[in-house]
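This report goes through the fold, the salt bridges and the surface patches in turn. The sequence and the structure are shown first.

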Amino acid sequence: GLDRQALKDTETAERFEQKCTEYGQRLKTIWEESEEQLSTEELWLDLKEMVAQAATEVLPKVDRRVSARFVTDEIRQMCVERAEIMANPMEGRDKRRLNFLTRTVRRALRTERENYMRRLC
């Protein structure tokens with residue numbers, strides 16, 4: 001997703017406004033040059049797409065994945081490595097490394113979760 005909170009920053013808000021104005025001028029030109037009469041729905045969809053495009057270009061992306069508090073950076077790194085192996089076609093995968101990472105991640109998660117629960121209680 002996009003970080004809408006970034007619009008509270010004056011500089012980001014100004015850049016977003018400039019992009020919207022720029023795209024708005026383009027849309028206005030397209031609408032005026034259009035041979036056919038556009039419906040309100042079509043105008044709205046164009047406008048909505050324009051704002052979304054401006055937001056995508058200006059606003060930073062936010063990683064909204066929630067991670068358990070006990071997941072360490074080391075475990076995250078192993079998960080990323082495992083995902084990269086999984087992205088390969090079946091015949092090109094390093095099955096031994098994949099199995100090792102799967103077991104190691106599960107074991108580490110179990111241990112870290114238990115330690116976390118002990119610290120809480």
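## Terms and model

Residues are called buried at under 20% relative accessible area, exposed at over 50% and partly exposed in between, with a 1.4 Å probe and protein chains only. The areas themselves come from the Shrake-Rupley method with a 1.4 Å probe, and for residues only the protein chains shown count as cover.

The model is predicted: local features need pLDDT of at least 70, side-chain atom pairs count only at pLDDT 80 or more, and totals for chains, interfaces and linings use all residues. Residues are numbered from 1 along each chain as its sequence is written, and side-chain values use heavy atoms, with hydrogens and water left out.

## Overall fold

The protein chain has four helices and zero strands, in the order α-α-α-α from the N terminus. The radius of gyration is 24 Å, well over the 14 Å that the globule rule gives for 121 residues, so the protein chain is more spread out than a compact globule. That radius is taken over C-alpha atoms, and the globule rule is 2.2 Å times the number of residues to the power 0.38. Helices (H or I, at least four residues) and strands (E, at least two) are DSSP runs, numbered from the N terminus.

Along the principal axes, the C-alpha atoms occupy a box of roughly 65 × 45 × 25 Å. Buried residues make up 19% of the 121 in the protein chain.

## Two C-alpha separations

Thr10 belongs to helix α1 and is exposed, at 54% relative accessibility. Between the C-alpha atoms of Thr10 and Trp44 there are 27 Å, with the two residues 34 apart along the chain.

Met78 sits in helix α3 and is buried, its relative accessible area being 13%. Its C-alpha atom is 8.7 Å from that of Thr102, 24 residues apart along the chain.

## Salt bridges within a helix

Side chains of opposite charge can pair when their charged atoms come close. A salt bridge here is a side-chain nitrogen of Lys or Arg within 4 Å of a carboxyl oxygen of Asp or Glu. By this rule there are five salt bridges.

Glu22 is partly exposed at a relative accessible area of 33%, and Arg26 is partly exposed at 46%. Another salt bridge pairs Asp73 with Arg76, whose closest N and O atoms are 3.2 Å apart. These two residues are separated by about one helical turn because they are three residues apart in helix α3 (residues 73–86). Arg76 is partly exposed, with a relative accessible area of 34%, whereas Asp73 is exposed, with 63%.

## A salt bridge between helices

Glu81 and Arg97 form a salt bridge of 2.8 Å, N to O. This pair links distant parts of the chain, with Glu81 in helix α3 and Arg97 in helix α4, 16 residues apart. Glu81 counts as partly exposed at 25% relative accessibility, as does Arg97 at 30%.

## Surface patches

Patches are made of residues with over 30% relative accessible area and no salt bridge; like charges are joined within 9 Å, and nonpolar side chains (Val, Leu, Ile, Met, Phe, Trp, Tyr) within 5 Å. Lys and Arg count as positive and Asp and Glu as negative, while His and the chain ends are not counted. The place of a charge is NZ of Lys, CZ of Arg, CG of Asp or CD of Glu.

The positive patch consists of Arg103, Arg106, Arg107, Arg110 and Arg113. Of these, Arg110 is in helix α4 (residues 95–120) and is partly exposed, at 42% relative accessibility. Glu35, Glu36, Glu41 and Glu42 form a negative surface patch.

Trp44, Leu45, Leu47 and Val51 make up a nonpolar surface patch of about 340 Å². Leu47 lies in helix α2 (residues 40–58) and is partly exposed, at a relative accessible area of 35%.
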